[in-house]
Amino acid sequence: MSIWKDNTASRPALAAAPEALEAVRFDAPSKPELVPSPIYVPVASPDTGLPRKESLIAADITIEGKIEGGGSIRIAGKFNGDVSVQGDLTIEAGAKLTGGVRADKVTIAGELEGNVEQASRVDVLQTGVVIGDLKTGSLTVIAGARMRGQVEFGWGDSKDLKAGKHVNGHGGESGVGS
């Protein structure tokens, strides 16, 4: 019948297709070493446990508001408001931040008008200007930097600072202002 003949006619066409595929498969192993394309090679980055995402406020941008998050921020423009991030904050040369700061590491090459309320490390570079108070675990100030405000660093836990106590070096506490 005509339907049966059509099915048998299509069988040789199907049989020819796997042979063509097998010929391609046979040629692939005979090639020298295959080198993966650099597009597909993942870039190794150190795992610090913190997200490595960084957001940028470009040089020609002015933003007013509040920034909170787990990533890092790089300010090249102007930002008015508080910044509270678990990552790093970088204020580039020519940039200005007006507001409070809480970050792991703060690098100031531009201008900060406000307080660093909490940071494990603050670096004020040669072009950096700080108008406000700093509370940090470690402070680096490069010659040429300018600052107007109070600084507290190296005291450890900020809870002890609020309570007016500090460790006296022998494991005990001593009251400030006694």
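This note walks through a predicted model of one chain, point by point.

1. **Basis.** Local features here need pLDDT of at least 70, side-chain atom pairs count only at pLDDT 80 or more, and totals for chains, interfaces and linings use all residues. Residues are numbered from 1 along each chain as its sequence is written, and side-chain values use heavy atoms, with hydrogens and water left out.

2. **Overall make-up.** The chain has 2 helices and 16 strands. These are DSSP runs (helices H or I, at least four residues; strands E, at least two), numbered from the N terminus. Of the 178 residues, 22% are buried. Buried means under 20% relative accessible area, exposed over 50%, and partly exposed in between (1.4 Å probe, protein chains only).

3. **Surface and contacts.** Take the contacts (heavy atoms within 4.5 Å). Among those between residues at least 6 apart in sequence, 2% join residues at least 24 apart.

4. **Core.** The largest nonpolar core has 22 residues. Such a core is a set of buried Ala, Val, Leu, Ile, Met, Phe, Trp, Tyr and Cys residues joined through side-chain atoms within 4.5 Å. L89, L97 and V106 touch the most other members. Strands β3 (72–75), β4 (78–85), β5 (88–91), β8 (105–108) and β10 (116–124) each supply at least two residues of this core. The largest share, 4 residues, comes from β10.

5. **V106.** Leave aside residues up to four places away in sequence. V106 then touches L89, V101, V116, A119, R121, V122 and D123.

6. **Salt bridges.** The count is 8. The rule asks for a side-chain nitrogen of Lys or Arg within 4 Å of a carboxyl oxygen of Asp or Glu. E54, R74 and E92 are linked in a network. E54 pairs with R74 at 3.2 Å, N to O. E54 lies in β1 (residues 54–57) and R74 in β3, so this pair ties together parts 20 residues apart in sequence. E92 also bridges to R74, with the closest N and O atoms 3.1 Å apart. E92 sits in the loop between β5 and β6, 18 residues from R74. E54 is partly exposed at 44%, R74 at 26% and E92 at 27%.

7. **G94.** G94 lies in the loop between β5 and β6 (96–98). G94 is exposed, at 65% relative accessible area. Beyond four places in sequence, G94 touches A76 and G110.
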